[in-house]
Amino acid sequence: MTPNELREAYLSFFESHGHTRYPSDSLVPANDPTLLFTSAGMVQFKEMFLGIGNLPFTRAVTAQKCFRTGDLDNVGKTHYHQTFFEMLGNFSFGDYFKKETIQWGWELVTQVFKIPVEKLRVSVYEEDDEAFAIWRDDIGLPESKIWRLGAGDNYWPPNAPTKGPDGPCGPCSEIFYDFGSPGEEGDPEAKRYCEIGNFVFTQFNRVGLNQLEPLKQKNIDVGMGYERLLAVLHGLRSNFQTELFMPLIRKVSAIAGREYSYEAKDGHHFRRIADHVRAGTFLVADGIKPSNEGRGYVMRRVLRRAVRDGIALGIDRPFLHELVPVVVEVMGDAYPETKTAEPAAVAFVRAEEEKFRETFATGMELLERELAALQPGGVLSGKTTFALYDSHGFPADLSEEICRERGIGIDLDEFHVCMEEQRARSRAGSSMTGDRFAATAITTIKRDVAPTEFLGYDATELEDEIAVVIAGEKPVTHIGPNDQDARVIAYRTPFYGESGGQVGDRGWIDGPEGRFLVTDTQRVEGYFVHYGRVEHGQLAAGHKVTYRVDTARRHAITRNHSATHLLHAALRTILGTHVTQAGSLVAPDRLRFDFTHPQGVKADELKSIEDWVNEETLRNAPVVTALMDLEQARASGAMALFGEKYDARVRVVTIGDHSRELCGGIHVATSAEIGSCLLSNESSVASGVRRIEMVTGGGALDVAREQRLALRGLANALKARPVELGERVASMQKELKELRQQAAQSKREDGLAAVATLADGAVEAAGVRVLVASVEGDDAGTLRSMGDELKKKLGECVILLAGRGDNGAALVAAATKGAVAAGVKAGDVLRGLATQLGGKGGGRPEMAQGRAPRIDGLDAALDASRDAVVETLNAG
């Protein structure tokens, strides 16, 4: 059974038993702001489990993509731990319960997947006599193959009766496959057993220590590990031996130029790279990019671990991006969003690796400087170890390994204290509780208030009642000027809630007792939330009010949004169809468009892009919006954008003959309404990702006016006509360059003239002359030239020069071959001096250079460096 056949067999089986096949949710939970990532199949059904959902079915089956990092250190080291994985799940929301769940699960495993009965074992919660009886009496398993386990193993959440949290919970039952070894028969902890399925019977509500109340609605949450099932069906012990991973591992092997063996000491590096690149590709496909906070930071950590694994395998160049197409080839049919996102994933993964390799090299320099200041037997501080980990991606075990080679220890206790302090800061700064049943202000209203109906495509003003007013984190009866974080939720609204890159509307809500200034509008779990403040009076739920959008601002936004579509089409027309959107911002004053492209856009290409967009606006083409089924829209050629989650019915926006995209935003009626379009900037976002910024309409006129006035002012200052400015500036640059060259030559001549005097200050140690001195001027080139001349005069020597400047000191060190043979290396000498002055530097044994940010204490540091060199030479 192939991977795709296995997934389909599971979904089809439960469809035949009355379940609705439901699509996988995004890795970013659509309706749960308490979670960073979708970590299980039940996440998207949280409201159905709570009895407040409005999905039109009580049975569902899914293949859900999931992401977890709780066992990050075990990935690649065990048979089964992964970050990205698929969970096959079937669910009942107050419909069937234990008997049907167990019977269907057994039928699936033994009759559809044809796993021999003698290879299966099951477990139940030790107090769950009902489940035990079903396995024994209805399924026919002997009692010896039914294990009774405690709440730590067979309760969800684990140990819920005694440790919490409060909320829905229940016993569970698991199915295991027996590989026959290693370990004793009947020992649930033996590694011979592999869990392939978990049936959670959510039947209680915990209200306190060992206080369990029966739920009115009993639910079923079944999760089967897709990768584990695939391995078992192919007689494999590890998920990483399946064809989900092996194409990636083979590619890594080819890049590294070394053979892969599962049992080899370096095998976990291959496996972890494969897992982490799969995760990175799917995270980008769901709109996540590497960053320093939230989900982006988690993604960054995962990718950087994969880079370190590549370094450990001897791969000395960026390579992870070469694995993304392999992920897409394996998973693209089941998850088409990975195909759409492939160019962006390649670009972001490559950029992250390039950036980290630079950071990693800097970290190595920092570690080398710290170690140079320690003697064998010394201890590297835990704070330094943590800084290396946190800022430079160095895991503590890597620092420990390098230190061990030098005979130096690490204060791991202090390191762990720093780690815990960081975790505490993260917890304090995060609103994501991780509680799968945590209540939010939105959750509390869902039983009584339907999602907001958006009418803003056709209206900018309407009268309706207020559904809910919120202050802080809970609904209240009314809000006034003193309420912080005030929000209004409408039954119907013309205000656009931010999505798809288009910012939310602003405006006013006028009621019989007060006015609310709307400063932003967001979509939260199907509700349009109007953020702002009460300007006077008060607003209350049930008040009949008028919702008024700021139309001038709205019109500016719609111009920019339609221009964004034309810009996308222009880029694909002029640069090539490899261009795909990698992010956007549609604001009233500008638009920003990120796209995949391997190099900077040339000046003539930028002109062609700007001309193309303006020509399309002048055509006055109609902007046509149509509602279609998603597959029909894709078949029509409409572009779907990565990171966007689409409903079964979608809006397709067509502008003229060249632009057709899936889009829920608001647009102009004809392209001429956009007005003039002015490309204001082009820049790099990351390797392989470019950014273009543009202004339209009145914004373009304002920018053109500012540029014209600036040009006129510059022309007056330089006493030239505007058309002559290019020639005038080029002439001035040439003159300035010549003056700088003359000044530099003068400095070199002055420095060389001082060589004879400096040479007289050399001291001798063990037949090697040592010259340590400071001079005025921090031009590194001059110092190097002086060093070369001094070596000619001194013969076998060690030279250390510091050039004083306004912003610190330039440092140069040199050592002849004889001095190096005697134990003095220029790089070590220079690093020792730079460290004393808070600077950095390095180089070869014969030549090194660096820079120090301060010169206070320079003379003392030079004296200490001279003494150290002399001592080393005399000791040799």
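This report describes charge pairing, a charged surface patch and the cysteines of a predicted model.

## Salt bridges

The structure contains 52 salt bridges. One of them links Arg278 to Glu227, with the closest N and O atoms 3.5 Å apart. Because Arg278 belongs to helix α8 (residues 267–285) and Glu227 to helix α6 (residues 226–233), the pair ties together parts that are 51 residues apart in sequence. Arg278 is buried, at 1% relative accessible area, and Glu227 is buried as well, at 2%.

Glu15 and Arg21 also meet through their side chains in a salt bridge (2.9 Å, N to O). Glu15 is partly exposed, with 35% relative accessible area, and Arg21 is partly exposed at 31%. A further salt bridge joins Asp589 and Arg590, whose closest N and O atoms are 3.2 Å apart. Asp589 is partly exposed at 48% relative accessible area, as is Arg590 at 29%. Elsewhere, salt bridges with shared partners connect Arg121, Asp178, Glu185 and Arg192 in one network.

## Negative surface patch

A patch of negative charge on the surface is formed by Asp153, Glu184, Asp187 and Glu189. Within this group, Glu184 is located in the loop between β7 (167–178) and β8 (193–208). Glu184 is exposed, with a relative accessible area of 61%.

## Cysteines

The structure holds zero disulfides. For Cys66, the closest cysteine sulfur is that of Cys194, at 17 Å, which is too far for a bond. Cys66 is buried, with a relative accessible area of 0%.

For Cys418, the closest cysteine sulfur belongs to Cys403, at 15 Å, again too far for a bond. Cys418 is buried, with a relative accessible area of 10%.

Technical notes
Residues numbered from 1 in each chain as written. Predicted model: local features only at pLDDT ≥ 70, side-chain atom pairs only at ≥ 80, totals over all residues. Heavy atoms only, no water. Patch = residues over 30% accessible without salt bridge, like charges linked within 9 Å, V, L, I, M, F, W, Y side chains within 5 Å. Areas by Shrake-Rupley, 256 points an atom, 1.4 Å probe, with all protein chains shown as cover. Salt bridge = Lys/Arg side-chain N within 4 Å of Asp/Glu carboxyl O. Lys, Arg positive; Asp, Glu negative; His and termini not counted. Charge placed at Lys NZ, Arg CZ, Asp CG, Glu CD. Helix = DSSP H or I, 4+ residues; strand = E, 2+ residues; numbered from the N terminus. Buried < 20%, exposed > 50% of the residue type's maximum accessible area, 1.4 Å probe, protein only. Disulfide = S-S within 2.5 Å.
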